[in-house]
Structure formats: C-alpha cells, structure tokens
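Please read this note with the structure open beside you.

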Amino acid sequence: MDGVDALTGFERLQFSDRTVQVSALISTLPASSFLGTSSGEKLTGTAADDFFYGGTGNDTLSGGAGTDTAYFSGNYSQYRVTRSKDLVLVTGPDGSDSLTGIEKLQFADGTNVDTAGLLDTVAGTAVYRFYNKTTGTHFYTINPSERDAVLKLAAYAYEGEAFKAQTDNAAGQGLAVFRFYNTATGTHFYTANVGERDAVLKLANFAYEGSAYYASATAENGYDPLYRFYNTQTGTHFYTASETERAAVTKLVGFVAEGIAYYVDA
Ligand SMILES: [Ca+2]
Ligand SMILES: [Ca+2]
C-alpha cells in the first residue's frame with residue numbers, strides 16, 4: 001500500500017477474523033500509510049512521518065526516522081503494552097506486534113500513547129526478599145549491596161527475587177515506594193501512599209529511610225498488582241505480587257487483606 005490513493009473505494013479492511021472500518025480507523029489516512037493484512041508481516045516505514053496499521057497477525061513495524069504512529073483497532077484497555085529499551089510490544093485484539101522507531105500509539109477509543117513515556121518494564125530490576133526468622137516478617141530490597149549484607153545475617157532467610165521494579169525514576173512516571181524502619185518491632189514498612197507516608201513520619205517509632213524503589217500507580221504497561229496484608233499478630237505488613245501467594249495468605253488467620261498497594265512487574 002502506498003497511501004490514500006490505494007485505499008480509494010475501500011470502506012472496510014476485511015481480515016479473516018475481524019473487519020475494520022477504514023473510516024473508524026482514522027478520518028484521513030496520512031500520505032505515508034502502511035496497512036497490513038490478517039497475516040503476520042513486516043512493515044517498514046520511511047524517513048517521513050508514517051502511519052501503520054498492521055491488521056491482525058503478529059506484525060513487526062519499523063518506523064525509521066520521523067514521528068511515526070501505529071494504530072490499533074481495539075480500545076486501549078484491551079491491550080498489554082510493554083517496552084524493553086527501543087522495542088515496544090503491543091498485545092491484544094490485533095495480535096502481538098513488535099514495534100521499533102514508532103513514537104505514537106493510537107487506539108480506537110481515541111487513547112494516544114507516547115512510547116517514549118512508557119516505563120521500561122522488561123528491564124526492571126529485581127527486588128530481593130528475605131524472611132526474618134526472629135520477627136516472622138519479610139524484608140525487601142532492590143539494592144544488591146544491601147542484599148549481600150543481609151545475606152550474612154543469621155536471622156534472615158533469602159527467598160529470592162520477589163518482583164521487578166525500577167531503581168530510579170528516570171522515565172519520570174515511577175511511583176516512589178517509601179521505606180520506614182520500625183524501631184519497636186525491628187521490621188520495615190513500605191508505602192507508596194504519600195498521605196500514609198506523612199502520617200507515619202509523625203510516629204516516634206518509625207525511622208524514615210527514603211525511597212526503596214519505584215513502582216507504578218496503575219496496571220498499564222505490563223505492571224501487575226502488588227497486594228498488601230496486615231498481620232494482626234505481629235502488627236506488621238506483608239507484600240506480594242504473586243497471585244498464588246496472595247490466595248494462600250488470604251486463607252490464613254491473622255492476615256487482613258488491604259488490597260492493591262501499587263503495581264510492579266511480577
Ligand atoms: Ca498483520
Ligand atoms: Ca518514519
């Protein structure tokens with residue numbers, strides 16, 4: 001396809017598994033438009049500002065120079081969008097597409113996403129978890145040096161990588177997770193809620209330790225919910241991004257589910 005002229009007379013793009021109205025796609029297709037079929041294909045743009053619609057199938061879209069846009073025929077909420085360095089993966093009703101050099105995503109519901117603003121989820125950093133046998137609580141750290149120091153402590157059992165988060169807020173969209181040390185219980189408390197942080201800052205037995213790592217406030221871009229529980233026996237909290245673990249802890253007497261605290265890469 002080489003632009004608007006090639007589409008004259010077409011009202012619909014017929015795929016084997018769905019039909020897309022061209023008028024619904026976009027009112028006026030840009031001069032440099034690349035339209036795919038129901039097959040998986042590789043569409044390569046030009047140095048100009050290109051418009052892509054890969055159709056269904058697993059497509060590879062390369063924008064090249066310019067400010068390029070990829071269109072998706074479903075609503076934004078139907079897709080999982082993740083980014084790993086320069087590669088953006090969009091999975092949903094149009095298949096599983098790999099995008100490079102595409103600056104903008106446009107969805108049927110009018111949602112526009114700037115790919116440069118997507119958090120680099122796949123390249124997230126491991127958050128390590130320890131079980132403190134003395135207090136019966138868990139400790140989480142994204143800092144390898146701190147992990148190595150805690151590995152030497154007899155009271156802590158290393159449980160591996162709990163989930164992935166960001167070490168800093170380089171992408172500008174991260175949600176800081178604040179860490180406190182409870183001097184009364186010898187345990188740590190984590191919260192991404194600024195109001196809660198400010199309330200805990202006023203408590204005498206909590207020492208503020210700054211931002212532990214950066215998470216996401218929403219499930220967008222491939223992030224998964226992190227659940228928080230309150231342990232009524234120890235007066236401490238437990239955090240997990242594992243659905244299996246969440247289901248198990250929900251059944252335990254003494255643990256009160258507090259819902260989703262924030263979102264991480266499980
Ligand atoms: Ca296709
Ligand atoms: Ca281009």
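1. F255 is partly exposed, because 17 other C-beta atoms lie within 10 Å of its own. The cut-offs are these: 20 or more such atoms make a residue buried, 12 or fewer make it exposed, and anything in between is partly exposed, with C-beta atoms placed from the backbone. F255 belongs to strand 21, which covers residues 255–264. Helices (H or I, at least four residues) and strands (E, at least two) are DSSP runs, numbered from the N terminus.

2. What does F255 touch, not counting residues up to four places away in sequence? It touches F229, N231, F238 and V249. A contact means that two C-beta atoms, placed from the backbone, lie within 7 Å. R228 is 27 residues from F255 along the chain, and their C-alpha atoms are separated by 9.7 Å.

3. A word on the source: this is a predicted model, in which local features need pLDDT of at least 70, side-chain atom pairs count only at pLDDT 80 or more, and totals for chains, interfaces and linings use all residues. Residues are numbered from 1 along each chain as its sequence is written, while chains are lettered from A and ligands numbered from 1 in the order in which they are written.

4. Next, confidence. pLDDT is the predictor's confidence in each residue, from 0 to 100. Its mean over the chain is 88, and 86% of the residues reach 70 or more. Over residues 1–11, pLDDT stays under 50. The model has 14 contacts beyond four places in sequence for that stretch.

5. Now the sheet that holds strand 21. Three strands form an open sheet, ordered 20-19-21, with antiparallel pairing. Strand 20 (236–240) and strand 21 are the edges; each has a single partner strand, so one side of each has no neighbour in the sheet. From one strand to the next, the twist averages 25°. Two strands pair if DSSP finds at least two bridges between them. Strand 19 (residues 224–231) and strand 21 have seven bridges, in the antiparallel sense. P225 has Y263 in strand 21 as its bridge partner.

6. Helix 4 (residues 243–250) lies across strand 19, strand 20 and strand 21. It runs at about 145° to strand 20. Axes are lines fitted to C-alpha atoms, for helices over the stretch in contact, and angles run from 0 to 180 degrees between N-to-C directions.

7. Which residues of strand 14 are buried on each side? T137, F139 and T141 are buried on one side, and H138 and Y140 on the other. That makes five of five residues buried in strand 14 (residues 137–141). In a regular strand the side chains alternate between the two faces of the sheet.

8. Strand 13 (residues 125–132) pairs with strand 14 in the antiparallel sense over five bridges. H138 in strand 14 is the bridge partner of Y131.

9. T125 has A165 in strand 15 as its bridge partner. A157 is found in strand 15 (residues 156–165) too. A157 counts as partly exposed because 13 other C-beta atoms lie within 10 Å. Its contacts, leaving aside neighbours within four places in sequence, are F130, Y131 and K133. A157 and Y131 are 26 residues apart along the chain, yet their C-alpha atoms are separated by 5.0 Å.

10. Strand 6 (residues 60–62) and strand 10 (residues 95–100) run parallel and are joined by three bridges. L61 stands opposite L99 in strand 10.

11. Last, the whole chain. It has four helices and 21 strands. Of its 266 residues, 33% count as buried. Take the contacts between residues at least 6 apart in sequence: 55% of them join residues at least 24 apart.
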